[in-house]
Amino acid sequence: MPLDIAKLKSEALAKRERGPLPEARIRDAELQLGFPIPQPLRRIYSEIGDGAFGPGYGFYGLAEGTELFPDESVVYLYTLFRQGDPEDPSFSWPHMLLPIM
C-alpha cells in the first residue's frame with residue numbers, strides 16, 4: 001500500500017501538535033540509532049510532523065516523546081528494546097526494526 005502523504009499531512013495539520021523535523025534532527029537520530037531511517041519514514045518525520053498523529057495513538061516522536069507519551073520516542077524505545085529482556089534471554093528485538101507506533 002503506498003504511503004498517503006497528503007492524508008497524513010492533513011491529519012497532522014488538524015491536530016497541530018508538532019511540525020516536521022529539520023534534516024539535522026533526523027541525522028542526529030540516525031547517528032544515535034546507528035543506521036539510516038528508511039525513506040518513507042524519513043518523509044513522514046521531515047514533511048509531516050514529529051509524531052502524535054496517525055492511526056491509534058499515532059506515531060511516536062523520533063527523538064522526543066509526544067504529549068501523550070512524553071518519555072517514549074523511537075530512538076529511546078529502539079535502544080531499550082535492543083538491550084533485551086532480562087526475564088526472557090531468548091528474546092531479541094530485530095536489528096533496524098523501529099517501533100514507530
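Student: Why does Asp85 count as partly exposed, rather than buried or exposed?
Tutor: Asp85 has a relative accessible area of 34%. Buried means under 20%, exposed over 50%, and partly exposed in between, with a 1.4 Å probe and protein chains only. The 34% of Asp85 falls in the middle class, so Asp85 is partly exposed. This is a predicted model, in which local features need pLDDT of at least 70 and side-chain atom pairs count only at pLDDT 80 or more, while totals for chains, interfaces and linings use all residues. Residues are numbered from 1 along each chain as its sequence is written, and side-chain values use heavy atoms, with hydrogens and water left out.

Student: Where is Asp85 placed, and what does its side chain reach?
Tutor: Asp85 belongs to the segment after H4. Its side chain comes to 2.9 Å from the backbone nitrogen of Glu87. A polar contact is a pair of N or O atoms within 3.5 Å; within protein, one must be able to donate a hydrogen and the other to accept it, and residues adjacent in sequence count only if both atoms are side-chain atoms. From Asp85 to Glu23 the separation is 62 residues in sequence and 33 Å in space, C-alpha to C-alpha.

Student: How many helices and strands does the protein have, and what makes a run of residues one of them?
Tutor: There are 4 helices and 0 strands, in the order α-α-α-α from the N terminus. The elements are DSSP runs numbered from the N terminus: helices are H or I with at least four residues, and strands are E with at least two.

Student: What makes the protein as compact as a globular protein of its length?
Tutor: Its radius of gyration is 14 Å, close to the 13 Å that the globule rule gives for 101 residues, so the comparison holds. The radius is taken over C-alpha atoms, and the rule is 2.2 Å times the number of residues to the power 0.38. Along the principal axes, the C-alpha trace spans about 45 × 30 × 25 Å.

Student: How confident is the prediction, and in which helix is confidence lowest?
Tutor: The average pLDDT, the predictor's confidence in each residue from 0 to 100, is 87 for the protein, and 91% of the residues score at least 70. H1 has the lowest confidence, with a mean of 71, and H2 the highest, at 97.

Student: Why is the Phe35 and Tyr78 pair called edge-to-face?
Tutor: Rings of Phe, Tyr and Trp (its six-membered ring) pair if their centres lie within 6.5 Å; planes under 30 degrees apart count as stacked, over 60 as edge-to-face and the rest as tilted. Phe35 and Tyr78 are 5.3 Å apart, centre to centre, with 75° between the planes, and are therefore edge-to-face. Phe35 lies in the loop between H2 and H3 and Tyr78 in helix H4, so their pair ties together parts that are 43 residues apart in sequence. Both Phe35 and Tyr78 are buried.
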